[in-house]
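Work through the exercises below with the sequence and the 3D structure in view. Each task is followed by its solution.

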Amino acid sequence: VVAGRPLVSTPAPVVPLKFSLPHVAVCFGAGGQLVLVCPHCPAEGQLAHVELHSLEVILHDTKELKELQAFPGPLAREDLHKVDVMTFCQQKIATSCDLSTQKGRDSSLLWKLLVLLCRQNGSMVGSDTAELLMQDCRHREKYKRQNPAVNLIGLTDDEWMSRQPGTLDLITGEVPPVVETQAQIVEKFTKLLYYGRKKDALVWAMRNQLWGHALFLSSKMDPRTYSWVLTGFTSTLATNDPLQTLFQLMSGRIPQAALCCGDATWGDWRPHLAVMLSNKVGDMELNHRAIVTMGDTLAGRGAVEAAHFCYLMADIPFGYFGAKADRMALLGSNHRQAFAQFARTEVIQRMEIFEYCQQLQQPKSFLLPFQVYKLLYASRLADYGLPAQALQYCEQIATALLGQDPASHPVLAQQVMKLAERLKLSDPLLLEMPEQDQMLEPDWLVQLRACCREFSFSPCQVEDDLPPQVAPAQPGLSWAAASMAGKE
């Protein structure tokens with residue numbers, strides 16, 4: 001009893017405590033911080049001990065952060081010079097392309113193409129690309145020529161032997177001399193024409209590599225004879241000779257190189273594509289089909305970078321992840337593999353450079369399917385403590401959507417708005433404002449929010465629409481961006 005009153009004991013809690021000891025509470029802040037609430041029991045009125053750590057400082061030694069910091073994005077900035085983009089591409093060639101392997105050479109070729117596009121403000125012609133292809137050839141192959149096949153010139157071996165020097169000529173009654181010099185070969189060709197033996201003159205010219213004489217003479221005869229001589233000429237070329245590819249294309253056929261390239265026994269594919277790009281025939285549809293066929297052949301053999309190079313030359317549009325009918329989704333990456341491997345940071349950066357090169361030629365142009373991967377890239381920047389850059393990417397995506405119809409891409413618009421609302425306080429311009437004005441938002445975010453309010457959808461409906469083959473790439477918002485890659 002104290003002061004005449006009984007002592008009242010504190011009742012024991014009915015529900016046991018979740019944690020028996022004070023512990024550290026951890027969460028990630030939207031501004032690129034790691035927030036720690038230390039195990040401290042402050043008295044009433046005292047402040048808890050909270051620590052803020054920069055994720056950029058914590059992760060400064062990681063390969064992923066260095067890869068993000070090295071890229072000069074976002075590329076649609078007014079203070080960006082295209083020399084910085086070209087320098088980045090050249091550094092990628094020097095550091096990440098193993099030129100001793102075919103895959104490394106193909107990857108290097110894509111980076112060199114981006115350098116060329118950037119230097120020429122997004123425009124190029126076939127001869128520019130052909131020069132780039134031939135520069136990348138490590139060694140020029142020697143294509144072995146052969147004698148024309150006997151059956152192609154209409155004579156059997158016995159008939160030809162009967163017409164060799166030293167045998168009696170039944171027409172002139174003379175024994176032809178042994179022919180050794182070029183002048184004697186031409187003289188024999190002329191003498192056969194004296195007697196009107198055009199076919200024999202053609203056979204003689206073909207046998208002795210006088211293709212100019214044979215082709216001119218046959219062109220003044222009937223079309224069948226001209227085709228016969230032309231076939232005899234092409235039979236002397238090696239199968240993998242680029243001249244063979246050109247002549248087949250000029251003859252109105254898909255070149256054999258387009259169906260056989262990528263094979264180790266066939267040789268390098270670059271000279272064949274170079275000769276097709278530099279010598280467009282009249283049938284443009286045939287040129288297009290030949291280049292696309294070559295790309296399909298290379299893709300079937302696993303040479304994705306080489307295939308995408310061909311597709312770019314044929315102006316094939318970019319498609320979507322998981323869509324088997326589409327030929328490419330991200331430049332240089334196979335969209336039929338796992339999403340985490342497909343949407344690598346380097347691939348997204350390379351794709352953004354390609355989009356930037358197109359904007360150098362047409363400032364208002366952008367690749368709508370690629371905006372999903374920009375959002376994924378922005379979420380990675382935020383995850384690694386670079387919120388200001390991530391917000392700039394959100395602004396670019398929002399600007400592109402507002403220029404179109406955001407209602408046609410509701411999932412993308414909603415996710416961009418959510419990430420931007422989390423990161424808006426990272427805007428350097430907002431931090432410089434007086435405290436009473438810091439509640440203001442950029443105009444693009446206000447407009448995007450207004451558009452998102454016009455259409456509504458339930459989360460369950462969105463998840464039902466997501467393709468099942470898309471796997472989460474990263475937790476949090478990165479999962480949403482990865483999911484939309486197949487949707488948008």
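**Exercise 1.** Find which residues of H4 meet which residues of H17.

Solution. Ser107, Leu110, Trp111, Leu114, Leu117 and Cys118 in H4 are in contact (heavy atoms within 4.5 Å) with Glu346, Arg350, Ile353, Phe354, Tyr356, Cys357 and Leu360 in H17. By class, this contact has 10 nonpolar, 1 polar and 2 charged residues; Ala, Val, Leu, Ile, Met, Phe, Trp, Tyr, Cys and Pro count as nonpolar, Asp, Glu, Lys and Arg as charged, and the others, Gly among them, as polar.

The model is predicted: local features need pLDDT of at least 70 and side-chain atom pairs 80 or more, while totals for chains, interfaces and linings use all residues. Residues are numbered from 1 along each chain as its sequence is written, and side-chain values use heavy atoms, without hydrogens and water.

**Exercise 2.** Describe how H4 and H17 are oriented.

Solution. Helices here are DSSP runs (H or I, at least four residues), numbered from the N terminus. The axes, lines fitted to C-alpha atoms over the stretch in contact, with angles from 0 to 180 degrees between N-to-C directions, belong to H4 (residues 102-119) and H17 (residues 345-361); they come within 9 Å and cross at roughly 25°. H4 and H17 are therefore roughly parallel, the term for angles under 35 degrees.

**Exercise 3.** Locate arginine 253 and state how exposed the residue is.

Solution. Arginine 253 lies in the loop between helix H11 (242-250) and helix H12 (256-260). Its relative accessible area is 48%, so arginine 253 is partly exposed, a class between buried (under 20%) and exposed (over 50%), with a 1.4 Å probe and protein chains only. Leaving out residues up to four places away in sequence, arginine 253 touches Gln248 and Leu286.

Technical notes
Helices (H or I, at least four residues) and strands (E, at least two) are DSSP runs, numbered from the N terminus. Angles under 35 degrees count as roughly parallel, over 145 as roughly antiparallel, 65 to 115 as roughly perpendicular and the rest as oblique.
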